[in-house]
Amino acid sequence: VSLECAGFLTGIGLDTTVMMRSIPLRGFDQQMSSLVTEHMESYGTKFLKRCFPTKVEKLEGNRLQVTWKNTDLGTEETDSFDTVMWAVGRAPDTETLNLETVGVKTNSETGKIIVDATEATSVPHIYAIGDITEGRPELTPTAIAAGKLLARRLFGQSSELMDYDNVPTTVFTPLEYGCVGLSEEAAVQCYGSDNVEVYHAYYKPLEFTVAERDATQCYMKMVCLRESDQRILGLHFIGPNAGEVIQGFALGIKCGATYPQLMKTIGIHPTCAEEITKLHITKRSGLDATVTGC
């Protein structure tokens with residue numbers, strides 16, 4: 001949310017600064033996240049990295065003076081701004097529910113409700129879905145899907161559970177970042193670097209050509225197992241309409257698509273998504289991954 005808002009605020013001509021406590025887009029692939037912030041920086045968004053605010057004071061004229069700690073330098077710094085927008089995550093409003101009275105367990109650190117695979121809490125007849133539950137993605141579509149499946153199990157003789165694996169999502173920054181499945185870091189952590197193959201490419205969207213837009217950060221990578229069928233573990237795409245691109249490929253990955261199967265898929269020319277069907281250079285090879293024009 002912070003990066004999305006900073007992107008459009010910079011885009012309408014406002015002087016915008018993002019303060020990051022640690023890393024950009026925690027939980028996402030960090031190579032992709034860095035490309036997103038690099039693109040934003042190149043278009044004028046300023047970043048205060050590894051800084052956290054300690055004080056906000058209102059000055060005369062209603063400007064706000066922010067004081068923050070720079071953890072890398074160990075210094076305290078200040079600056080004044082017209083507006084301060086907080087995008088520091090969501091805290092579930094569970095305290096006022098008195099859940100402990102009926103025995104519903106929560107995570108004491110996050111306040112989120114602990115549920116099992118059926119969305120049941122520690123009290124079997126009480127259920128919870130969505131952002132308020134521990135370990136679930138904070139995404140509206142997953143909450144809607146989980147709610148529908150829960151209703152069918154409770155009232156429609158269904159036994160189908162919500163599958164939280166390979167949930168696609170997109171960050172709507174000026175240059176969109178869409179992904180589905182595991183990040184490269186998570187894949188290496190799960191399977192080991194020797195068992196993971198990463199296919200990647202830098203490409204130039206057709207619509208960037210006439211406008212002479214910089215495509216330095218337009219990049220995609222596919223994370224696969226190295227074993228014979230090379231099942232796709234994750235797909236990451238930065239570029240125009242990333243959400244539309246990932247939505248289509250998400251079905252194949254949800255169905256267990258493999259790298260050879262994707263290579264048999266014919267691309268639609270001249271789309272950005274077409275470049276995914278032509279991925280052939282591995283990171284392991286060390287070869288230049290820049291795609292040339294047709």
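Buried here means under 20% relative accessible area, with exposed over 50% and partly exposed in between, using a 1.4 Å probe and protein chains only. Strands are DSSP runs of E with at least two residues, helices are runs of H or I with at least four, and both are numbered from the N terminus. Keep in mind that this is a predicted model, in which local features need pLDDT of at least 70 and side-chain atom pairs count only at pLDDT 80 or more, while totals for chains, interfaces and linings use all residues. Residues are numbered from 1 along each chain as its sequence is written, and side-chain values use heavy atoms, with hydrogens and water left out.

Now look at the partners of β7. Strand β6 (residues 169-171) runs antiparallel to β7 and is joined to it by 3 bridges; strands count as paired if DSSP finds at least two bridges between them. A hairpin of 5 residues connects β6 to β7. Strand β10 (residues 232-238) is also antiparallel to β7, with 5 bridges between them. G178 is a handy landmark: T170 stands opposite G178, and G178 in turn stands opposite F237 in β10.

F237 leads us on to the largest nonpolar core, which has 41 residues; Y177, M222, L235, F237 and I276 have the most contacts inside it. Such a core is a set of buried Ala, Val, Leu, Ile, Met, Phe, Trp, Tyr and Cys residues joined through side-chain atoms within 4.5 Å. Helix α7 (residues 242-254) gives the most to this core, with 6 residues. Domain 1 (1-81) and domain 3 (172-285) both contribute residues, so the core lies between them. The chain also has domain 2 (99-156), with bounds that come from an automatic or database domain assignment. The C-alpha centres of domain 1 and domain 2 are 33 Å apart.

Finally, visit T277, in the segment after α8 (259-263). T277 is buried, with a relative accessible area of 9%. A polar atom of its side chain lies 2.6 Å from the backbone oxygen of E274. Leaving aside residues up to four places away in sequence, T277 touches F249, L262, M263, T265 and G267, where contact means heavy atoms within 4.5 Å.

Notes:
A polar contact is a pair of N or O atoms within 3.5 Å; within protein, one must be able to donate a hydrogen and the other to accept it, and residues adjacent in sequence count only if both atoms are side-chain atoms.
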